[in-house]
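Please examine the sequence and the structure shown below.

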Amino acid sequence: MSLLSLIFGEKKKTTAAIAKERLGLIITHEGGKSGQPGIDLKALQQELLDVISKYVHISKEDIKVELEKNANLEVLEVSITIPEAQPKTA
Amino acid sequence: MSKVVVITSGKGGVGKTTTSAAIASGLALRGHKTAVIDFDVGLRNLDLIMGCERRVVYDFVNVIQGDARLSQALIKDKQCENLYILPASQTRDKDALTEEGVEEVIDQLRQMDFEFIVCDSPAGIEHGAVMALTFADEAIITTNPEVSSVRDSDRIIGILQSKSRRAQKGDEPVKEHLLITRYSPRRVAEGEMLSYQDVQELLRIPLIGVIPESEAVLQASNQGMPAIHLKGSDVAEAYADVVARFLEEGSNEEVLAKRPLRFVDYEKPGLIKRIFGGK
């Protein structure tokens, strides 16, 4: 904790609130009522790979596709790492 | 018609056996003929909590393997007229609980006119836990307000919804109830513990009760007396409320409105109490 926040008493999140937030992210993934049946993450990943491979050399491992679920919204997170940006000479 | 009720949780140490003993006793105290079965083969403990460990002669596995009749293995509770205990086996391997064997025992209990058959599940999601929930009509998911317990409860709800006989056959699903145990209103007020509302919101199944954390539970298990018998303790009253809600007809909102939660609010101790101490 920085000196300033010590002095001014920055409002800290309770540990219970942190617990709830963490659980909120994992729970609907694991439970019986889990998942979004509409989204095929594997297919999405493959298609992204196909498109991006037209321009850059990347492998499957460089594309991460994750679906996170909150109480009232879902976040589709796609992260693409380009090893050493080397555009294809088309 | 008999009703099969599984007490389950996924995680160990959250209070399944304490809850099984208390709820089975509570149902019997209200005049319902009840049997409580220990499914924790190899690690039997329900007999100790019920205080009948020295009267165990035959067990669940003996009955399944045909070494004893069910009536020989059932132990009559010493405190409640209508309550019988079927202890788990202590030594044999876990696969001794076959699905056909368990079904046969449950069918026999039905024929003996037991109104409630309470199944005390072992921890985990292995064979024993699955057997305990397979024949359930209703499930009480015992959960502590703590991250690993909540996640494991979520897992076991998923298993209930896929592996129970009702799910397999496409019948009306197992009726689920959330029971929160070891609850500390003070720690919730101070932001150190998930509130019962938080847990309910995360797991999204109807809440049947909240049992406060209490020293009385250890005192009860020391003596082999189900916690519901500890007169005047908040734990005994909270369990009695759970049993009453369980027997009540109507929606979860109606049931909770009729019999509101108790022991969930924290009163800050006054100045005098803080100076002079006291519990």
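**A guided reading of the model**

Chain A holds three helices and two strands, where helices (H or I, at least four residues) and strands (E, at least two) are DSSP runs numbered from the N terminus. Their order from the N terminus is α-α-α-β-β. This is a predicted model, in which local features need pLDDT of at least 70, side-chain atom pairs count only at pLDDT 80 or more, and totals for chains, interfaces and linings use all residues. Residues are numbered from 1 along each chain as its sequence is written, chains are lettered from A and ligands numbered from 1 in the order in which they are written, and side-chain values use heavy atoms, with hydrogens and water left out.

Of the 90 residues in chain A, 20% are buried (under 20% relative accessible area, with exposed over 50% and partly exposed in between; 1.4 Å probe, protein chains only).

By class, the lining of the second largest pocket comprises seven nonpolar, eight polar and four charged residues. Here Ala, Val, Leu, Ile, Met, Phe, Trp, Tyr, Cys and Pro count as nonpolar, Asp, Glu, Lys and Arg as charged, and the others, Gly among them, as polar.

B:Tyr84 is partly exposed, at a relative accessible area of 22%, whereas B:Phe114 is buried, at 2%.
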